[in-house]
Amino acid sequence: ARDRGSDWSFSLVHTLLKSFGELSLAAIVNVNYNLEDDGASRYVGDGRFREINAGLFPYIEYKLNKKYALRSLVGPLYFSKVKDHVPGTEEWIQGPPYSSVGLGVSIARDFYIYPNIQFLLEDIRNDFTNIAIETTINF
């Protein structure tokens with residue numbers, strides 16, 4: 001694997017949630033500004049990099065008990081502003097729709113982890129699938 005440097009970014013995330021007993025319907029609105037050009041998650045190809053990412057991510061969650069919940073998220077509306085190092089070369093592109101399925105674990109009131117499998121909805125293949133762990137810490 002080729003080293004693509006480090007990732008530094010600033011994100012603003014808002015979650016809208018409505019519970020119906022053990023079932024919750026929600027949507028995450030996310031805007032992310034990347035601060036460096038050499039991070040692996042920013043690299044698009046052909047020398048271009050993502051500067052801004054923005055998206056809407058609806059999800060459904062079923063609470064198994066106080067500690068565990070099953071969650072499935074879909075990313076149908078995900079956009080990136082990509083550019084290279086030449087001024088005026090920016091463009092907005094839509095990312096491919098993807099999904100994640102996993103088991104959320106509430107460690108404490110303000111600490112939540114979500115180990116999950118992420119895959120492209122239009123092209124489910126091993127090389128386009130990854131295992132991730134997302135963490136939420138409330139301050």
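## Charges over rings

Let's start with Lys-18: its charged end sits over the ring of Phe-20, 5.9 Å from the ring centre. There's another case of this kind, with Arg-71 placing its charged end over the ring of Tyr-114, at 4.9 Å from the centre. Keep in mind as you look around that this is a predicted model.

Glu-61 is part of strand β4, and its relative accessibility is 14%, so Glu-61 counts as buried. Setting aside residues up to four places away in sequence, Glu-61 touches Glu-22, Leu-23, Ser-24, Ala-69, Leu-70, Arg-71 and Tyr-112.

## The overall build

What is the secondary structure of this chain made of? It comes to 10 strands and zero helices. Reading from the N terminus, the order of elements is simply β-β-β-β-β-β-β-β-β-β.

The chain has 139 residues, and 25% of them count as buried. Now take the contacts between residues at least 6 apart in sequence: 42% of those join residues that are at least 24 apart.

Strand β1 covers residues 9-20, and it runs antiparallel to β2, with 12 bridges joining the two. If you want a spot to check this pairing, find Ser-11, which stands opposite Asn-32 in β2.

Between the two strands of this hairpin there are two residues. Gly-21 takes a positive phi here, near 70°.

## The nonpolar core

In soluble globular proteins, nonpolar side chains tend to be buried together. Which residues make up the largest nonpolar core here? There are five: Ala-26, Ile-28, Phe-57, Tyr-59 and Leu-73. The elements giving two or more residues to this core are β2, residues 23-34, and β4, residues 48-63.

Not counting residues up to four places away in sequence, Leu-73 touches Ile-28, Phe-57, Pro-58, Tyr-59, Tyr-98, Ser-99, Ser-100 and Tyr-114. That list includes the core members Ile-28, Phe-57 and Tyr-59.

## A cluster of rings

A pair of aromatic rings is described by the distance of the centres and the angle of the planes. How many aromatic pairs does a search of the whole structure find? It finds two. One of them is formed by Phe-57 and Tyr-78, a tilted pair with 5.8 Å from centre to centre and 50° between the planes. This pair links distant parts of the chain, since Phe-57 is in strand β4 and Tyr-78 is in strand β6 (residues 77-83), 21 residues away.

Is Phe-57 buried or exposed? With a relative accessible area of 6%, Phe-57 is buried. Tyr-78 is partly exposed, at 25%. Phe-57 also pairs with Tyr-98: the ring centres are 6.2 Å apart and the planes are at 55°, so this pair is tilted. Phe-57 lies in strand β4 and Tyr-98 in strand β8 (residues 98-108), so the pair ties together parts that are 41 residues apart in sequence. Tyr-98 has a relative accessible area of 23%, which makes it partly exposed. Put together, ring pairs link Phe-57, Tyr-78 and Tyr-98 into a cluster.

## Around strand β9

Next stop is Gln-118, found in strand β9. Why does Gln-118 count as buried? Because its relative accessibility is 17%, and the cut-off for buried is under 20%. The side chain of Gln-118 makes a polar contact of 3.2 Å with that of Asn-116, and another of 3.3 Å with that of Glu-134. Leaving aside neighbours within four places in sequence, Gln-118 is in contact with Ser-99, Ser-100, Phe-128, Thr-129, Asn-130, Ala-132 and Glu-134.

Move along to Ile-124, which is in the loop between β9 (111-120) and β10 (130-137). Ile-124 has a relative accessibility of 59%, so it counts as exposed. How far apart in space are Ile-124 and Tyr-98, C-alpha to C-alpha? The distance is 9.4 Å, while in sequence Ile-124 and Tyr-98 are 26 residues apart.

Conventions: Residues are numbered from 1 along each chain as its sequence is written. This is a predicted model: local features need pLDDT of at least 70, side-chain atom pairs count only at pLDDT 80 or more; totals for chains, interfaces and linings use all residues. Side-chain values use heavy atoms; hydrogens and water are left out. A nonpolar core is a set of buried Ala, Val, Leu, Ile, Met, Phe, Trp, Tyr and Cys residues joined through side-chain atoms within 4.5 Å. Buried means under 20% relative accessible area, exposed over 50%, partly exposed in between (1.4 Å probe, protein chains only). Helices (H or I, at least four residues) and strands (E, at least two) are DSSP runs, numbered from the N terminus. Contact means heavy atoms within 4.5 Å. A polar contact is a pair of N or O atoms within 3.5 Å; within protein, one must be able to donate a hydrogen and the other to accept it, and residues adjacent in sequence count only if both atoms are side-chain atoms. Two strands pair if DSSP finds at least two bridges between them. Rings of Phe, Tyr and Trp (its six-membered ring) pair if their centres lie within 6.5 Å; planes under 30 degrees apart count as stacked, over 60 as edge-to-face and the rest as tilted. A charge sits over a ring if NZ of Lys or CZ of Arg is within 6 Å of the ring centre and within 35 degrees of the ring normal.
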